[in-house]
Amino acid sequence: MFFNSMKAIILAAGEGLRCRPLTLTRSKVMLPVANRPILEHVISSLEKNEIKEIILVVGYEKERIMNYFEDGLNFGVNISYVEQKAQLGTAHAIEQAKKLIGPEDSEFLVLNGDNLVEPKTIADLLNNYEGDASLLTVRMEDTAGYGVVLKEKKKVTQILEKRPGGLSRLVNTGIYIFTPQVFETIEKTPISENGEYAITDTLQLMIDEGKMVTSIPTESKWLDAVHSWDLLKANATVLNASKNLKQEGELEEGVIIRGNVAIGKNTIIRSGTYIVGPVVIGENCDIGPNVVILPSTTIGDNVSIRSFTEIQNSIIMNDCRISSHGQISNSIIGSNNTLGPGFTAEEKENLEININCKVHKAPKLGTILGDDNRIGGRVLVKAGVMIAVNCQVESGNTIYRDLSRDSVVL
């Protein structure tokens, strides 16, 4: 039974260029946090607020999203899909859902599918919105790269997009409540310098026309995984908040488990393995003997990890085979990777990483591997180096620089 008639539009059409190589094969919303896609966490938070009617705006790698969520029934919601064929900005994406927002809808919710939010975050907006449009804000010390909001009391006076500076500490989360009248303003929204139609420009137009746009603050969880390494922080945050994790697999004698650890069905943890939670291990895994798994680690389904390998604060996605004597820390290993014996991911703090000719800072990082790579034995990957997809690295190599798709290192 659907108690709340408000619909939600989730924007899930983008690729997430700054999360490459992980997004070479999946959209950003499908990146896993605690073994569930970010988008699933978003949908779960909506469902817990009794918002069951969801419109997903899809585009890049849309089949993967649609195959996973289908009609939403398994997630307690009803999902409709619309496609944004070209990435022409957030206002353009919202406009694609116009035909599914009827005149009987007094308001509707808009949020991004790649931001981690808890149920209370959405509730803070639902319980306090007013005016022609409301946007949710969080207070941040470092606002570089984010849109900030200027306001008088509750009323928004200006939205400044991605301009660092001390004008405001209030960051726009990209979570909004609109009335259907917003579609009239979207049609008048000018194209921005980067060739997109931004919903923040639509909101500024509404403000300039004298409409009431309000700012609603929240102190609840809102995490924006801008870069791939931000997933590690999101993963740790979700794992630390997890309660009563189930252990459904088989534990051989001599396995030591400390703290909160989830183990999926048909998974076997072999003797001498030492696990310190919070840790989530998926289904059909074969781990050990004598493997060490340390806090804030997530291991997907169908993963094998052989003896004397140590993993900490990392995400290992589905269908990986990790040989013995490996050392993986602060790293993300994509799906269907084979890592030979003695694989080592070096790690460092405060790394400067070049993405699309811009330097970005990673607080602490080992390596990031995309999907479908074959890595031989005794391979060392230097800190911050990324391996794309379908690469082959022969044994005994040290990888000093990023490898692009289909690279072969002999």
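Biologist: Into which domains is the chain divided?
Modeller: In this predicted model, the chain is divided into domain 1, residues 7–225, and domain 2, residues 230–399. Their C-alpha centres lie 31 Å apart.

Biologist: How do you know that the two domains touch, and how many residues does each bring to the contact?
Modeller: Contact means heavy atoms within 4.5 Å. Domain 1 gives 21 residues to the contact and domain 2 gives 31 residues.

Biologist: How much area do domain 1 and domain 2 bury between them, and on which atoms?
Modeller: About 1800 Å² is buried between them, with 74% of it on carbon and sulfur atoms. On the domain 1 side, Pro21, Leu22 and Asn35 lose the most area to domain 2, together 29% of what that side buries.

Biologist: Let's turn to two helices. Why are α1 and α2 called oblique to each other?
Modeller: Helix α1, residues 38–48, and helix α2, residues 62–69, pack at an angle of about 45 degrees. Angles under 35 degrees count as roughly parallel, and 65 to 115 as roughly perpendicular. The pair is therefore oblique. Their axes are 11 Å apart, and the crossing is right-handed.

Biologist: Which residues meet where α1 and α2 are in contact?
Modeller: From α1 come Leu39, Glu40 and Ile43, and they meet Ile65, Tyr68 and Phe69 of α2.

Biologist: What makes the residues of that contact nonpolar, polar or charged?
Modeller: Leu, Ile, Phe and Tyr count as nonpolar, while Glu counts as charged. The contact of α1 with α2 therefore divides into five nonpolar residues, no polar ones and one charged.

Key. Residues are numbered from 1 along each chain as its sequence is written. This is a predicted model: local features need pLDDT of at least 70, side-chain atom pairs count only at pLDDT 80 or more; totals for chains, interfaces and linings use all residues. Side-chain values use heavy atoms; hydrogens and water are left out. Axes are lines fitted to C-alpha atoms, for helices over the stretch in contact, and angles run from 0 to 180 degrees between N-to-C directions. Helices (H or I, at least four residues) and strands (E, at least two) are DSSP runs, numbered from the N terminus. Angles under 35 degrees count as roughly parallel, over 145 as roughly antiparallel, 65 to 115 as roughly perpendicular and the rest as oblique. A crossing is left-handed if the near helix is turned anticlockwise from the far one by less than a right angle, and right-handed if clockwise. Domain bounds come from an automatic or database domain assignment. Buried area is the accessible area (1.4 Å probe) that two parts lose on being put together, summed over both.
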